[in-house]
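Have a look at the structure, then read on.

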Amino acid sequence: KPIKPREVMARMGVHLGAARKARQDASQAREARNALDAFGYASITVRAVDGRIVWQTPLARELLQAYFGEASPWAPEPVQAWLRRHVLADNAAERLAASLAEPPRLAIEQGASRLTFRLHQQAGDSEGGGDWLIVMREVSDAKIIESMSLAFKLTAREAEVLYWVVKGKINRDIGDILGASP
């Protein structure tokens with residue numbers, strides 16, 4: 001006391017501006033996450049130091065549950081080990097910087113389906129390894145055959161034959177796989 005009206009108004013303006021900026025940043029982050037959800041990307045953000053899942057899309061939650069069982073706030077052990085190997089290892093930063101290429105992807109096979117994990121980018125601070133955005137993609141023979149059928153207007157059987165031709169199989173092998181004559 002005494003109050004200086006100009007100083008009080010200036011301080012309030014600074015605080016209100018900071019609050020507006022924080023709200024805007026949170027809104028942009030929420031919109032980005034909603035866009036990932038809407039386009040069907042399976043993404044998770046994992047804290048490298050302890051393997052905790054900080055954020056995940058609904059599709060990512062479904063895929064993790066399908067491939068690794070119960071839902072958990074922690075990334076599955078193979079994912080944690082892969083992340084530690086490529087982010088937290090003693091020379092990981094130098095390897096990532098020197099190669100300019102992303103580290104090898106992690107692939108988990110389950111029958112005719114395969115779930116791959118790819119390090120996309122670091123989110124947040126780099127202290128303790130930071131949080132990493134990981135993009136997952138599921139590939140299965142059935143989905144590929146279905147998309148080929150739709151893309152080329154083929155019957156399911158024709159698309160399946162084409163799929164095996166693309167895989168390098170010969171007529172005899174395709175006949176054996178499909179239970180038909182060569």
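In what follows, a contact means heavy atoms within 4.5 Å. The model is predicted, and with that contact rule Thr116 touches Leu106, Ala107, Val135, Met136 and Arg137, leaving aside residues up to four places away in sequence.

**Thr116**
- Thr116 is part of strand 4.
- Its relative accessible area is 16%, so Thr116 is buried, given that the limit is under 20%.

**Aromatic pairs**
- A pair of aromatic rings is described by the distance of the centres and the angle of the planes.
- The count comes to two aromatic pairs, with ring centres required to lie within 6.5 Å.
- One of them joins Phe68 and Phe117, a tilted pair with 6.4 Å centre to centre and 50° between the planes.
- Phe68 sits in helix 2 (residues 58–68) and Phe117 in strand 4 (residues 113–123), so this pair ties together parts that are 49 residues apart in sequence.
- Phe68 is partly exposed, because its relative accessibility is 26%, whereas Phe117 is buried at 0%.
- Tyr163 and Trp164 form an edge-to-face pair, because their planes stand at 70° and the cut-off is over 60 degrees; their ring centres are 5.0 Å apart.
- Both partners count as buried: Tyr163 has 4% relative accessibility, and Trp164 has 17%.

**A charge over a ring**
- Which residue lies over the face of Trp74? Arg52 does, at 5.0 Å from the ring centre.

Definitions and conventions
Residues numbered from 1 in each chain as written. Predicted model: local features only at pLDDT ≥ 70, side-chain atom pairs only at ≥ 80, totals over all residues. Heavy atoms only, no water. Phe/Tyr/Trp six-rings, centres within 6.5 Å; stacked < 30°, edge-to-face > 60°. Helix = DSSP H or I, 4+ residues; strand = E, 2+ residues; numbered from the N terminus. Buried < 20%, exposed > 50% of the residue type's maximum accessible area, 1.4 Å probe, protein only. Lys NZ or Arg CZ within 6 Å of the ring centre and 35° of its normal.
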